[in-house]
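Dear colleague,

Please find the structure we discussed below. My findings follow it, and I would be grateful for your comments.

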Amino acid sequence: MKRTKIKALLNAESAMPEIVVKGWVRTKRDSKGFSFLELNDGSCLKNIQTVIDHTPEIEAELAKIGTGASVAIEGELVESPGKGQKWEVRGKSLKLLGEADPETFPLQKKRHSDEFLRGIAHLRPRTNKFGAMFRIRSELAQAIHKFFAEKDFFYVHTPVLTGSDCEGAGEMFRVTCLEHGCKSSIEEDFFGKPAHLTVSGQLEAEMFSLALGDVYTFGPTFRAENSNTPRHVAEFWMIEPEMAFADLADDMDLGEEMIKYLVRHILDNCADDVELFAKWVDKSLMPTLETILENEFIRLPYTEAINILKKTKKKFEYPVEWGMDLQTEHERFLCEEKFKQPLYVYDYPKTIKPFYMRMNDDNETVAAMDCLVPRIGEIIGGSQREERLDVLHARMKEMDLSEEEYWWYLDSRRFGSVPHAGFGLGFERLLMLVTGVGNIRDAIPFPRTPNHLEF
Ligand code: 4AD
Ligand code: MG
């Protein structure tokens, strides 16, 4: 017989005479003549209670079963006479699938620290908290595709292997087939030229936007920045929409609409899992999410943001001056203390932004925008792109970028160039936002950070 998932059993409309339930034992309690097993199969946060009468065979099986073991139970779904659950399973047969030695099984019934659980990232999805996190992650990924599908955006698969540094920050991982210590030159390497893991699919997404109109890419990106912060990982997922015939205001509209849609979707579709985070992880989670839904995001030019930061009495580690990049402490001050809600900062100095951003008329700032949210800081980075060939040429020269390397990118401005804009939304930072977890390592299944490549 096929198993029925616990989620379906718990949501059943009526009793079911014959079912098979399979899962991992969360607790076992023995009584006189019968035992209770609380089972979880990952399909939802809640366990199902199973009750099994003792027979000699079942007792022999039960003796080998403890927390963490996997079992299959055949029986029926009946209304539970006990408090706290509507349904329970009356087991007729019990089969141990996989033992878990209680002496060495690392997940005990107590609460474990996030740090401890990071050390056993292969087992942490079996805990309530991380089960909830990764169900939300899955739901959120699917909701992203739904959001774009409803808006008639096309999904483009941009390459992971690349020869160009989109952000120009030089934070790329090299990819090579050359043996260590071998004297071969780059020409003998696989691609005959330096290859890297992509930091962003933007440049390629732009090419597709200038053909299909509205597109997005959603995939893994890699950055070799040596920043050991609770908001950075070396491998993260990014959602990058790109819109043709669009400007910076359209770009900010899309980001705001998208964040609101996704927050709404998670509240509507992952209520139990979100509640766990609101109760145990971040007491301010619900008010934070409601603020996001109920208010229009503030839009603040960079120069005004600098003025606000300069005027406040608050002392910052990094002193504030026009021309600097905002640090997390500045970003968090703006959205947590000053405005107490998400906001966009836009029109940044050209000197701190990549080559592709559109030059403003002042010749000092570019049409860039960052979306800042409470507890995290930057969650979106985007811009209107420089569509004017001559201006782009001049900018690349100024920044010492090789026009030969970017010939194909420049071509898009040579032939039928149009105003266009896009952004990148960090998927793990979005998960931090909707769950309230304070460390990005807890929002990705197997985090990659400096000196951590386990699992
Ligand atoms: O601001 P970033 O660097 O923008 C770009 O890469 C653009 N090419 C995107 C575009 O316009 N298509 O990165 C975008 C977002 C950030 O706002 C942040 O949420 C996330 O990606 N991000 C990271 N998330 C986790 N770990 C890291 N090391 C991250 N670096 C950026
Ligand atoms: Mg950025």
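A residue counts as near a molecule if one of its heavy atoms lies within 4 Å of that molecule. Please note that this is a predicted model.

Ligand site. There are 25 residues around ligand 1, and those that come nearest are Glu167, Gln202, Glu225, Glu240 and Glu378. Glu225 places a polar side-chain atom 2.5 Å from a nitrogen atom of the ligand. For Ser200, the distance from an N or O atom of the side chain to a nitrogen atom of ligand 1 is 3.0 Å. An oxygen atom of ligand 1 lies 2.6 Å from a polar side-chain atom of Glu378. The protein buries 94% of the 630 Å² that ligand 1 exposes when taken alone.

Nonpolar cores. The largest nonpolar core has 65 residues; Ile144, Met258, Ile259, Ile379, Phe427 and Leu430 touch the most other members. Helix α4 (residues 128-150) supplies the largest share of this core, 11 residues. Beyond its neighbours within four places in sequence, Ile144 is in contact with Phe218, Ile239, Met258, Leu262, Phe427 and Leu430. Another core, of 32 residues, lies apart from this one and includes Leu309, Phe333, Leu343 and Tyr348.

Helix α12. In this helix (residues 407-414), Tyr409, Leu410, Ser412 and Arg413 are the buried residues. Viewed down the axis of α12, they fall within an arc of 145° and therefore line one face of the helix. The buried residues of α12 pack against α5 (202-212), α11 (389-398) and β16 (420-426).

With kind regards

Conventions
Residues numbered from 1 in each chain as written. Chains lettered and ligands numbered in written order. Predicted model: local features only at pLDDT ≥ 70, side-chain atom pairs only at ≥ 80, totals over all residues. Heavy atoms only, no water. Buried < 20%, exposed > 50% of the residue type's maximum accessible area, 1.4 Å probe, protein only. Helix = DSSP H or I, 4+ residues; strand = E, 2+ residues; numbered from the N terminus. Arc of directions from axis to C-beta. Contact = heavy atoms within 4.5 Å. Polar contact = N/O pair within 3.5 Å; in protein donor to acceptor, adjacent residues only side chain to side chain. Areas by Shrake-Rupley, 256 points an atom, 1.4 Å probe, with all protein chains shown as cover. Core = buried A, V, L, I, M, F, W, Y, C linked by side-chain atoms within 4.5 Å.
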